[in-house]
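Me: I am new to this structure. Please show it, and then take me through it in questions and answers.

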Amino acid sequence: MRNPTTTTLGYALFATRWLQAPLYFGLVAAQGVYVYKFFKELWTLILMCVSGHATETYVMLAVLKLVDVVMIANLLIMVIVGGYETFVSRIGLQGHRDQPEWLSHVNSNVLKVKLATAIVGISSVHLLQMFVDVHHTPRHALLWGTVIHMAFIASAAILAYMSGPMAAHADRGHADRTPLRHPRAEPEPGDRRHGQPERETPAATPPAPRRPEPDADAEERIRAAGFPARKLLEDFDERHPRGFDREAVARLGKADFVAARRNVVFVGPPGTGKTHLAIALGVRACQAGHRVLFATAADWAARLSDARAAGRLDAELAALDEHALLIVDEVGYTPFDAATAGLFFQLVARRYERASLIVTSDRPLGRWDEVFGASAPALADRLAHHAEVVRLDGDSYRTRRATSAWAD
Ligand code: ADP
Ligand code: MG
C-alpha cells in the first residue's frame, strides 16, 4: 500500500510539468517569426529575379537560406510537439491522419537524436552556402564551418549510439499509454493494470509485480505462439475496413484485455484483416509478457479431439491454462460435428473469466449455430459475456491490392 501523503506530494510535483506548457506556446510564437522571415526572404528573391538582378549563385544561396529556415522550423515543430508530448501531456494524435511518423515512438532519447540530426542538416546547409559563395567566404570561416559541422556529426553519432542501449533500457521499464506503441509501459499514476501478474493459477499465490523483461523473452513468446505470419498493428491500414472501430482496436492494442481475462471477437467477411488483427494483438500480448497460442479452429478441433481420444482432455485444457491468450482463427469455414462442437464449448467454458480468447469468424455470433449446432448459444454466450466484438466490413484487402496493382 502506498502512503497517501507521499502519493499526493508526488502528484503535486508531477502536476508542475504544466509550468512548461507556456514555453511551448512561446516556441510557437518563434515559429511565427520564422514564417515571417521565410516570406521576407522569398519576396526579396522574387523581386531580385523579376528585376533581373539575380545571379545563379544568388538564387542558389537564397534558396538554401529558405531551406535553412524550413529546416529550423521543422526542428521547432519537433521540439514543440515532441517535447510537449514527452514532458507535459499526451496530445492524443493516434489515428490522426497527419500524425507524424516519428511521434509514435518519441521519447526524450529519440527527441535528442532527432534534434542532433536536424542540427547536422542545418549545419550542412550552412556549409553548402559557404562553399557556393566560396569567393566571398574567408578561409578561416570555411575551416571553422567544416570543423563545427564535423563536431555536430560526431555528437549526433554519439547520441544515436547511446540512445540504442538507453532506449532499450527505457523501453523495458517505460510506459506506453498510446495505443499505437508497444504495451510494455511504465504505470501511470493510479494505473495498476501494468503491474498485474501474468495469470494466477486457481491456488493463487500473492501476485508478484511483473518484472520488466528483456525483448528476447518477448521474441521467444512470439516464436512459441505459432503465428502463421508476423502481422503488426502498426502495419494495419485503418482506412481499409469500412466502419472500422479504430478506437476499440487501439484500446485492445494495449493488451490490457489479457490481464482482464476478456475476449475479443473479430467478425467480418474474408480478407478484411481479422487474422491480421488477431495476430497483431497476440504479438502485443507477447510483448506485454503473456504466453499466447495461435491456431485455426480446425487445428484446435484436431488438437482437442486427439487429446480426448487419448483420454487426456482435462490435462490438455489445464496445460492450455498456461497460456493467457489463445487465438482461434477462422471459425466458420468448417462446420463441426456435435462432439467437436462440445470440445469447443469445453474450451470456452474452461477459460470463461479465467483466461482470454481471440476468435475470428466470417459470420456473426448469431449465426454460429451453422458452425457449432446446438452448442452455439451456450458457447457464444460465454464467449461474448466479457468480450469486445469488433466488426470489420468492406472488400477483401487481398483483392483490393490486386486490383490496385493492376490499375498501376
Ligand atoms: P481475414 O482473416 O479477414 O480473411 P487477413 O487478416 O488474412 O483477412 O488479411 C488478408 C491479407 O491482407 C493479410 O496479408 C493481411 O495482412 C492483409 N490486410 C488485410 N487488411 C489489412 C489492412 N487494413 N491493412 C494492412 N493489411 C491488411
Ligand atoms: Mg483469416
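Predicted model: local features only at pLDDT ≥ 70, side-chain atom pairs only at ≥ 80, totals over all residues.

Reply: Residues are numbered from 1 along each chain as its sequence is written, and chains are lettered from A and ligands numbered from 1 in the order in which they are written.

Me: How are α2 and α3 oriented, roughly parallel or roughly antiparallel?

Reply: Helices here are DSSP runs of H or I with at least four residues, and strands are runs of E with at least two, numbered from the N terminus. Helix α2 (residues 21-50) packs against helix α3 (residues 56-88) at an angle of about 165°, with the axes 10 Å apart. Axes are lines fitted to C-alpha atoms, for helices over the stretch in contact, and angles run from 0 to 180 degrees between N-to-C directions. Angles under 35 degrees count as roughly parallel, over 145 as roughly antiparallel, 65 to 115 as roughly perpendicular and the rest as oblique, so α2 and α3 are roughly antiparallel.

Me: Which strands stand at the edges of the sheet?

Reply: Two strands pair if DSSP finds at least two bridges between them. The open sheet has 5 strands with parallel pairing, in the order β2-β3-β4-β1-β5. Each edge strand has a single partner, so one side of it is left without a neighbour in the sheet; these strands are β2 (292-296) and β5 (387-391).

Me: What is the bridge partner of Phe 266 in β5?

Reply: Strand β1 (residues 263-267) and β5 run parallel, joined by 5 bridges. In β5, Phe 266 has as its bridge partner Val 390.
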